[in-house]
Amino acid sequence: MATEKKDTRMLTGKCALVTGSTGGIGFAVAEALAREGCHVVLNGFGAADEIEAGRRRLETEFGVSAIYHGADLAKPGEIAALVETANRAFGAVDILVNNAVVRHFAPIDAFPVDKWDQSIAVNLSAAFHTVRLALPKMRERNWGRIVNMSSGYGYFAEPNRVDYVTTKTALLGFTRAVAVEVARHDITCNALCPGTVLTPAIEARIQALIEREHLSREAAVERYLTARQPSGRFIAAENIAGLVLFLCGPAGRDITGASLPIDGGWIAS
């Protein structure tokens with residue numbers, strides 16, 4: 001009689017909640033965790049058919065359960081419903097990745113108050129709420145991994161980005177505070193500080209640069225990255241996901257309270 005093959009993947013049976021995971025970095029993180037056997041709770045906005053296609057692909061390709069919850073992270077009540085849904089489906093949130101972000105570009109004295117409030121709520125307060133709600137079950141199980149997605153802008157400032165710079169900097173302090181509180185448990189809390197990833201918004205800026213300056217795409221990308229990344233290339237979302245995976249695995253157990261750059265040398269420069 002054939003014996004059933006044992007699933008030896010690193011995170012089999014764990015549950016990961018990844019906010020802002022309907023695309024981009026967040027979905028890359030969810031995909032990496034699912035590949036290692038982790039059940040996944042997706043969250044974010046987007047076209048319903050595209051979200052469902054991504055959710056279904058995680059299940060069929062990696063043999064895990066994946067669910068979607070459309071909580072608006074600016075609303076604490078919806079965050080509570082999101083975590084409760086994960087608990088009901090999988091027993092607990094074992095891995096929490098706070099990735100959701102909003103941003104607005106304007107000088108401080110012209111910055112819309114509602115946009116400021118939204119950024120504080122989504123980029124910072126949502127991490128507080130997800131952590132406080134997930135921690136009790138992590139403590140019960142004496143295991144948990146929390147990753148907060150900060151940025152190179154957690155270290156640097158740039159004009160017209162007051163909401164983004166403020167919230168990404170605050171996440172670094174929040175990460176340290178959580179880490180020292182849970183240090184006696186097998187729970188870690190770290191922040192990642194990615195450099196520039198090629199998102200649709202940045203692609204639009206590059207296209208605008210090409211048209212405005214009559215540049216080749218290669219020259220436009222080089223111009224755009226000159227002030228940011230000494231490597232001269234965009235940060236790959238799958239490499240950010242790989243670092244999350246490392247922190248969630250056995251080798252990441254003793255890394256906590258850290259702010260880890262993955263930025264092509266931007267912070268170092």
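Analyst: Rings of Phe, Tyr and Trp (its six-membered ring) pair if their centres lie within 6.5 Å; planes under 30 degrees apart count as stacked, over 60 as edge-to-face and the rest as tilted. This is a predicted model, in which local features need pLDDT of at least 70, side-chain atom pairs count only at pLDDT 80 or more, and totals for chains, interfaces and linings use all residues. Residues are numbered from 1 along each chain as its sequence is written, and side-chain values use heavy atoms, with hydrogens and water left out.

User: Which residues form one aromatic cluster?

Analyst: The cluster consists of Tyr 153, Phe 156, Tyr 164 and Trp 266. The count of aromatic pairs is 3. Tyr 153 and Trp 266 have ring centres 5.1 Å apart and planes at 80°, so this pair is edge-to-face. Tyr 153 belongs to the loop between strand 5 (144–149) and helix 5 (162–181), whereas Trp 266 belongs to the segment after strand 7 (259–262), 113 residues apart. Helices (H or I, at least four residues) and strands (E, at least two) are DSSP runs, numbered from the N terminus.

User: How are the rings of Phe 156 and Trp 266 arranged?

Analyst: A ring pair is described by the distance of the centres and the angle of the planes. For Phe 156 and Trp 266 the centres are 5.5 Å apart and the planes are at 35°, so the pair is tilted. Phe 156 is in the loop between strand 5 and helix 5, so its pairing with Trp 266 ties together parts 110 residues apart in sequence.

User: Is Trp 266 buried or exposed?

Analyst: Buried means under 20% relative accessible area, exposed over 50%, and partly exposed in between (1.4 Å probe, protein chains only). Trp 266 has a relative accessible area of 7% and is buried; Phe 156, at 29%, is partly exposed.

User: Which residues have the most contacts inside the largest nonpolar core?

Analyst: A nonpolar core is a set of buried Ala, Val, Leu, Ile, Met, Phe, Trp, Tyr and Cys residues joined through side-chain atoms within 4.5 Å. The largest has 35 residues, and Leu 33, Leu 58 and Ile 95 have the most contacts inside it. Among the elements that each supply at least two residues of this core are strand 1 (15–18), helix 1 (24–35) and helix 8 (237–248). A second, separate core of 28 residues includes Leu 82, Phe 90, Ala 127 and Leu 135.
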